[in-house]
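I am opening a notebook on this structure. I will look things up one at a time and write down what I find.

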Amino acid sequence: MPIAHRFAPIAFLILLPLLVFWRLIFAGEVLYWGVPLTQFYPWHTLINQALAAGQLPLWTDLLGNGAPLLANHQTAFFYPPNLLLRLLPVEHALGYLVVLHIIGAGLAAWMWGRMLRLDNLGCSVLALSYALGGYVVGRTQFITMVAAYAWLPLLLALTERLIRQRSATNIIWLGGALGLQFLAGHAQTWFYSVVLLLLYGLYRARSPRPVLMILLAIVVALGLAAVQVLPTAELTLHSQRTDGVDHDFAMTYSYWPWRLLTLLAPDLYGNPALGNYVGYANYWEDHAYIGVLPLLLALLAIARWGRHCARRRGQADTVDVLEGWGAGAPQPFFAALGVLAVVLAMGKHTPLYPLLFHNVPGFNFFQAPTRLMLWFAISASTLAGIGVHRFWLSYRLQYGTRLMLAGAVAVFVVAWVARRGGLAPPQVYTPALERMAVLLALACGVLLLRGRAPDDPDTRVAISHLPQPVWQVLIVVLVAADLAIAAMPLTPTISAALYHTANPVAAVLDSGVPSRLHVDAIYQYDLMFNRYFTFKWFGRADLTYWQSLRTSLLPNLNVVDGIACTGNNDPLVVERWRNLLERTQLESPPRAERLLRLMNVGFVLTRKPLAPDWQAVDGVPHLYRLPAPWPRAWLVEQSQVISDAGQVLVHMSEPEFDPRVSVLLEEPLPLPTSPTSQRVMPNAVHGSLVDPPALSLREEFNRRTIRLTTTRPAYLVLAYTYYPGWHATVDGQAVALVRANYAFMALPLPGGSREVVLQYRPSSLLWGAWISGLTIGVLVGVIVYRSRAQRGCASPRGTG
């Protein structure tokens with residue numbers, strides 16, 4: 001082939017996303033709407049700060065009374081492309097990563113098309129409809145989801161190669177790609193991808209051996225990614241999702257059946273970029289648009305396969321337009337998968353997904369059934385590529401296309417008249433119908449230009465005089481323009497100055513005694529979803545407007561200013577801490593205030609203070625200062641053992657429980673005895689709030705150092721989240737560190753002047769690193785051995 005013919009489509013797949021997202025690449029603007037600002041930027045800011053301090057980003061004390069950082073899967077610390085976040089400003093790198101992975105999705109889809117033996121046009125349509133389809137361009141703010149999405153076509157290609165060539169090397173390649181997809185940071189996408197690969201393997205191979213090889217590749221993937229898998233698994237076991245999510249939460253964002261109409265008219269119910277979305281839930285979760293022409297081509301591929309099967313019924317030869325596939329042709333699999341995806345994505349609207357949720361392990365860990373439209377995205381794109389592969393016009397197709405063209409014209413006229421005559425229903429955005437009609441007419445027109453095949457004797461269809469390369473360019477341009485126009489408004493961008501806004505409130509919160517900020521749940525929800533992140537509208541791209549959000553101190557924005565907060569806007573959080581935080585919303589105001597004090601809260605953002613003595617902070621609306629906040633570390637003499645965790649939580653808010661005198665334990669913890677414990681020490685503190693001069697507390701990444709003096713043995717109570725992996729020493733000697741006050745920690749302390757060091761060294765990370773290293777070593781050894789064996793077989797044998 002000429003070089004231009006071979007590489008021009010690939011170059012186009014690279015250049016088009018750069019043009020669609022030109023503001024991120026060329027204008028210096030950045031992502032901000034939703035989780036880029038409130039999650040990903042704070043997480044990676046913390047990671048970079050930890051690395052700059054010479055520490056691994058294992059833990060942060062700025063979120064939720066302390067929380068695992070690296071174990072949070074969506075930080076994706078070990079994912080190789082995220083090195084950009086270490087080398088470039090985080091706010092810019094997040095946008096670059098999105099564009100990089102959308103380009104990667106297109107190239108991976110091209111490779112998948114090649115594995116299907118599609119021509120350049122088929123590969124191009126497949127790649128464009130997958131890389132710029134609504135499922136991914138509607139979710140550009142979810143960086144890890146975009147990253148994991150990009151790997152799916154490559155995984156299918158490697159699975160197909162493994163089925164054709166059953167070798168250890170192909171198992172390693174598939175396992176490596178699966179491992180990288182897991183490290184990309186979105187477990188739900190990874191799980192759905194694994195299920196898809198197993199279903200595809202069962203369909204293609206129709207025997208257990210290839211499926212067992214795919215399972216072995218999954219084991220390889222988990223071994224390679226163990227350095228992330230084990231810490232995340234440990235966090236899951238201690239999180240609110242230990243036993244999965246509850247049914248109502250899981251069914252959140254079930255695909256709205258009426259959104260099926262938006263597969264042809266994506267903005268039929270409005271668009272948040274236009275400020276007029278009126279559909280169910282939000283726009284992006286149900287967005288699955290792949291383009292008008294690709295959808296027609298996908299349906300055409302199914303119809304061609306059906307007609308082919310009807311003609312070939314009763315014959316052994318079942319080869320169709322795709323050479324070399326036979327009975328395992330991909331059309332029926334992906335047609336069935338696309339339908340299954342839509343039905344499952346509807347979640348609570350059908351009985352099928354609840355059946356999976358309650359009976360199939362894995363599905364009960366995730367919300368948003370609509371994300372199963374991932375399967376629809378790859379199915380419809382694959383079928384679209386097959387549909388345009390070696391496309392010719394038959395008389396029946398010509399007749400149907402002409403009828404569709406007439407229908408498109410009629411729809412345009414009706415929509416135009418309805419909009420200008422005020423006859424359209426208020427929930428229908430008629431310009432979307434006009435756009436659909438225009439695209440449908442153009443699609444029909446381009447298909448009609450193709451003409452009949454050279455060997456087709458039916459003269460009712462004319463032979464096209466349009467050169468084939470010109471027709472192919474028209475197809476690609478129409479698909480690309482359709483998807484690009486639909487995609488561009490869905491990624492709001494803004495000046496990078498947003499992330500560098502100074503926050504004057506940070507100085508106000510820097511009080512003498514270290515304390516935490518608490519953001520009332522009602523206040524937080526109202527500010528986030530009723531003011532800034534409404535589903536109806538992305539909001540105006542006004543820097544001053546969004547700077548007010550940046551300095552609002554909502555979780556996790558507090559991290560950017562180095563302010564400790566009880567909130568934690570992470571997908572996985574420690575269950576005990578979360579239960580305690582939710583308890584503050586259910587209790588009466590006096591009891592809720594007691595719990596907040598126990599959590600080391602010194603400031604509260606709320607519209608309704610719980611007590612009249614809370615002091616409003618001048619110049620900061622809705623911010624209140626609690627008088628005499630409790631410290632993060634204090635001493636008590638007494639302990640009370642309550643083995644039932646639920647009773648501990650109840651007892652904590654009871655008026656008779658005084659945490660300044662006693663600590664609640666779930667197992668006995670004797671105090672040490674010391675011959676010097678009765679000696680009076682200067683500056684000693686005991687049984688009351690700690691006087692700052694008597695206790696010094698230093699927080700570092702993964703480490704806390706406390707120096708204090710006490711007259712006699714006592715319990716050192718710490719308002720930090722209890723979590724496995726923390727170890728304590730007193731003057732260099734290891735001591736027991738136990739769960740205390742339901743969610744926090746305590747340790748026994750002998751009398752005297754002491755230095756207490758708390759160090760976070762999770763064994764899950766150590767074991768994960770060993771397993772990942774061992775897996776890499778074994779795989780390298782296998783590859784080297786097989787490479788040498790193949791070279792030995794290829795070398796000429798000597799003659800005797």
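Predicted model: local features only at pLDDT ≥ 70, side-chain atom pairs only at ≥ 80, totals over all residues.

**Entry: a loop with a positive phi**

I started with R390, which lies in the loop between α18 (373–388) and α19. I read its phi as near 50°, a positive value in a residue other than glycine.

**Entry: Q398**

I moved on into α19, which covers residues 395–421 and holds Q398. Is Q398 buried or exposed? I found it buried, because its relative accessible area is 5% and the cut-off for buried is under 20%. I then looked for a polar partner. A polar atom of the Q398 side chain lies 3.3 Å from the backbone oxygen of R460. I also listed contacts, leaving out neighbours within four places in sequence. Q398 touches L393, L448, R460 and V461.

**Entry: the four-stranded sheet**

I traced an open sheet of four strands in the order β5-β6-β8-β7. Its pairing is mixed. Which strands stand at the edges? They are β5 (516–519) and β7 (615–616). Each has a single partner strand, so one side of each is left without a neighbour in the sheet. I checked one pair in detail. β5 and β6 (residues 601–605) run parallel and are joined by four bridges. I picked out R516, whose bridge partner in β6 is V601.

**Entry: a cis peptide and a helix pair**

I went looking at backbone geometry again. A cis peptide bond joins P555 and N556, with omega at about 5°. I placed N556 in the loop between α24 (543–550) and α25.

Next I followed α25 itself. Helix α25 (residues 575–586) packs with helix α27 (residues 645–652) at an angle of about 35°. Their axes are 11 Å apart. I noted the crossing as right-handed. Which residues meet there? From α25 I wrote down R576, N579, L580 and R583. From α27 I wrote down A645, L649, V650 and M652.

**Entry: the five-stranded sheet**

I traced a second open sheet, this one of five strands, in the order β12-β13-β19-β15-β16. The pairing is antiparallel. At the edges I found β12 (695–700) and β16 (733–735), and each pairs on one side only. Ignoring direction, neighbouring strands of this sheet are turned by 25° against each other on average.

I looked at one pair inside it. β13 (residues 703–710) and β19 (residues 752–760) pair in the antiparallel sense over eight bridges. R707 has E755 in β19 as its bridge partner.

I also stopped at N702, in the loop between β12 and β13. Phi of N702 is near 70°, a positive value in a residue other than glycine. N702 is buried, because its relative accessible area is 3%.

**Entry: strand β18**

I asked how many residues of strand β18 (residues 744–749) are buried. The count is six of six, so β18 is largely enclosed by the rest of the structure.

β18 has partners. Strand β14 (residues 714–718) runs antiparallel to β18, joined by five bridges. There L716 has L747 as its bridge partner. Strand β17 (residues 738–740) also pairs with β18 in the antiparallel sense, over three bridges. β17 and β18 form a hairpin with three residues between them. In that turn I found N741, with a positive phi of about 50°.

Beyond four places in sequence, its contacts include L669, L716, A728, V756 and L758.

Notes: Residues numbered from 1 in each chain as written. Heavy atoms only, no water. Helix = DSSP H or I, 4+ residues; strand = E, 2+ residues; numbered from the N terminus. Buried < 20%, exposed > 50% of the residue type's maximum accessible area, 1.4 Å probe, protein only. Polar contact = N/O pair within 3.5 Å; in protein donor to acceptor, adjacent residues only side chain to side chain. Contact = heavy atoms within 4.5 Å. Pairing = 2+ DSSP bridges. Axes fitted to C-alpha atoms, helices over the stretch in contact; angles between N-to-C directions. Left-handed = near helix turned anticlockwise from the far one by under 90°.
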